[in-house]
Amino acid sequence: MVPDLSNLNISPSSIHYNPSYDEIFHDEVEHHEGTVTANGTFAVDTGKFTGRSPKDKYFVVEPGSEDNIWWGPVNQKISNDIYQELKAKVVNHLNGKELYVTDAFCGASDKNRLNVRVLCQYAWQAHFCKNMFIRPEEKELEGFAPDFTILNACQVSDDKWQEHGLNSEVFVIFNMAEKMAIIGGTFYGGEMKKGVFSVMNYLLPLKDILTMHCSANKGSDEKTTLFFGLSGTGKTTLSSDLEKDLIGDDEHGWDDEGIFNFEGGCYAKTINLDAEQEPEIYDAIKRDALLENVVIDPVTKEVDYTDSSKTQNTRVSYPIYHIEHIVPESKGPHPSSIIFLTCDAFGVLPPVSKLTKEQAMYYFLSGYTAKVAGTERGVKEPIATFSPCFGGPFLTLHPTKYADLLGKKIDSYDVPVYLVNTGWTGGPYGVGSRMSLPATRAIVHAIQNGSIEQSNFESTAYFNLLIPESLEGVDNHLLNPENAWSNKEDYQKKAKELAKMFIENFHQYEHSDFDFHNFGPRI
């Protein structure tokens with residue numbers, strides 16, 4: 001069965017339609033698209049772009065979506081005329097080419113999923129889509145009609161970008177009226193994954209379904225936990241727990257029936273990946289997985305996960321069934337607990353705090369973590385990063401829309417929320433030490449089994465966070481961050497510094513319906 005692309009005005013020389021993993025692997029090798037590593041995993045380099053290009057993301061201004069979109073640096077405006085000009089260039093480039101067409105689903109909920117069609121030129125990009133989207137059964141492909149289409153012409157760039165008023169020759173443009181996105185100038189696969197996530201972040205909240213940049217797992221007790229957090233906070237690592245079954249590691253929806261994964265795979269960071277610390281992810285890297293921008297020994301073909309010479313953002317995508325402990329249907333009941341993860345490089349926030357609903361709204365809108373020296377060029381001291389809803393780059397509606405839905409869900413299902421710091425303790429980066437993964441896992445397990453609720457809680461200074469006085473598996477001395485610092489005056493100075501950053505960041509919400517600033521830190 002070959003899809004009809006005539007409605008796109010594209011006539012390819014040949015079509016590889018939803019090819020099998022074996023067919024993809026054959027083409028990847030035959031076309032010299034990358035390297036087969038020692039254990040049979042295929043690895044590619046994505047060129048000069050080893051991450052997304054957020055400054056090159058645009059939405060077409062059109063009547064149907066104009067009043068809904070959160071316009072600004074995340075969702076930049078572009079005219080339909082410029083879009084049509086670039087689309088014609090993309091279509092012209094794809095015409096007559098050998099193309100890979102992937103039809104798949106985004107969303108494990110039958111009634112809320114999106115039918116996605118992706119056209120691209122490279123087998124490895126089809127491989128990425130096959131890993132990351134939900135793979136339909138053969139019978140589900142009969143009469144498949146896409147709800148949204150992506151034309152990936154990564155070899156095409158906009159040589160008139162200055163005339164068009166764009167930021168570079170790269171473009172990732174969404175047209176909600178046409179239900180289409182076009183990609184040019186970047187080979188990075190994550191643009192397709194996160195592009196569809198942006199579409200879901202537009203469509204579902206308008207139906208009062210919360211879309212979330214989070215991971216989720218479920219225990220044998222049928223209790224589901226959501227893990228929110230920005231990159232590097234441990235979202236994927238902590239949800240990939242040998243004692244729990246993984247629902248998904250990155251993107252989910254929350255409807256009236258519960259939690260459902262958007263994806264059919266996982267997209268994990270591999271920098272400094274360790275087989276003992278993260279066995280589930282390490283063991284998932286095998287044939288049918290796809291490595292990105294890792295360093296490979298030219299002789300042995302072994303991967304050096306400690307080498308960041310290409311990028312800190314080395315990645316692997318793999319089908320979710322490469323993880324042994326998964327929820328096959330990729331769905332779960334309403335969550336029994338919600339965890340906000342932050343990597344606080346200032347060493348100020350407690351290892352775990354229990355949040356009221358209002359505090360949860362505040363920290364959800366704040367979406368805090370910190371970058372540390374070495375992760376990005378020019379970063380020498382910790383830098384506070386605030387990303388609303390722990391996923392600002394992917395929000396299509398105003399952040400308060402998602403916060404409103406989260407608050408309603410917390411109320412409706414009486415879900416406790418916790419803030420967990422996976423960052424530094426006893427001092428800032430360079431002075432203190434990183435919270436150990438076993439200690440963080442002990443905290444997460446105490447949240448999930450409810451034993452944390454048996455603790456006595458005390459309140460911290462400045463941030464007014466409720467923290468347990470003791471917790472099994474965690475050094476009591478660490479639970480109150482001030483106690484972990486040898487110099488209390490230094491702690492107070494740093495705590496005030498971070499509190500001020502929170503307060504300044506939250507000014508943007510004080511004149512909206514979400515004036516929750518009283519539930520954040522106070523100086």
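Which residues does Cys-389 touch, not counting residues up to four places away in sequence? I started my notebook with that one.

**Entry 1: Cys-389**

This is a predicted model, so I am reading contacts off predicted coordinates. For Cys-389 I get Phe-228, Phe-364, Leu-365, Leu-395, Pro-399 and Tyr-402. The cysteine sits in the loop that runs between strand E25 (383-386) and helix H10 (399-413). I checked its accessibility too: the relative accessible area of Cys-389 is 4%, and because buried means under 20%, Cys-389 is buried. One of its contacts, Phe-228, I followed up along the chain. Cys-389 and Phe-228 are 161 residues apart in sequence, yet 8.3 Å separates their C-alpha atoms.

**Entry 2: confidence**

Before going on, I looked up pLDDT. The protein averages 94, and 98% of the residues score at least 70. Residues 374-379 are another matter: pLDDT stays under 50 there. For that stretch the model has 7 contacts beyond four places in sequence. Where pLDDT is low, the predicted coordinates should not be read in detail. I am leaving those contacts alone.

**Entry 3: cavities**

How many cavities of 30 Å³ or more does a search of the whole structure find? I get 4. The largest cavity comes out at about 90 Å³. Its lining is made of Arg-52, Ser-53, Pro-54, Lys-57, Val-172, Phe-174, Glu-191, Lys-194, Gly-195, Ser-198, Pro-393 and Phe-394. Strand E9 (171-175) and helix H6 (190-203) are the elements that give two or more residues to this lining. H6 gives the most, with 4 residues. Sorted by class, I have 5 nonpolar, 3 polar and 4 charged residues around the largest cavity.

**Entry 4: helix H6**

Is H6 enclosed or open? I find 13 of its 14 residues buried, so H6 is largely enclosed by the rest of the structure.

**Entry 5: helix H11**

H11 is mostly covered, with 10 of its 13 residues buried. The buried set is Ala-439, Thr-440, Arg-441, Ala-442, Ile-443, Val-444, His-445, Ala-446, Ile-447 and Gln-448. I noted that Arg-441 and His-445 are among them. What covers these buried residues? The cover includes strands E11 (210-218), E12 (224-228), E22 (337-342), E23 (352-355) and E26 (417-421), along with helix H7 (235-239).

**Entry 6: the second largest pocket**

Next I went to an open site. The second largest pocket has a volume of about 360 Å³. It is lined by 18 residues, and the ones that lie nearest its centre are Ala-108, Ile-134, Arg-135, Pro-328 and Glu-329. By class, the lining of this pocket has 7 nonpolar, 3 polar and 8 charged residues.

**Entry 7: positive phi**

Most residues other than glycine have a negative phi. Asn-9 has a phi of about 60 degrees and is found in the segment before strand E1 (14-17). Tyr-462 has a phi of about 70 degrees and lies in the loop between strand E29 (457-459) and strand E30 (466-468). Which of the two is buried, and which is exposed? Asn-9 counts as exposed because its relative accessibility is 58%. Tyr-462 counts as buried because its relative accessibility is 16%.

**Entry 8: two spot checks**

Lys-139 lies in helix H4 (residues 138-141) and is exposed, with a relative accessible area of 66%. Asp-304 lies in strand E19 (residues 303-304). Its relative accessibility is 35%, so I logged Asp-304 as partly exposed. Asp-304 and Glu-28 are 276 residues apart in sequence and 22 Å apart in space, C-alpha to C-alpha.

Terms used: Residues numbered from 1 in each chain as written. Predicted model: local features only at pLDDT ≥ 70, side-chain atom pairs only at ≥ 80, totals over all residues. Heavy atoms only, no water. pLDDT = per-residue confidence, 0-100. Contact = heavy atoms within 4.5 Å. 1 Å grid on protein atoms, 1.4 Å probe; cavity = no way out; pocket = protein on both sides within 12 Å on 5 of 7 lines; lining within 4 Å. Points joined across faces, edges and corners; volume = space filled by probe spheres on them. Nonpolar A, V, L, I, M, F, W, Y, C, P; charged D, E, K, R; others polar. Buried < 20%, exposed > 50% of the residue type's maximum accessible area, 1.4 Å probe, protein only.
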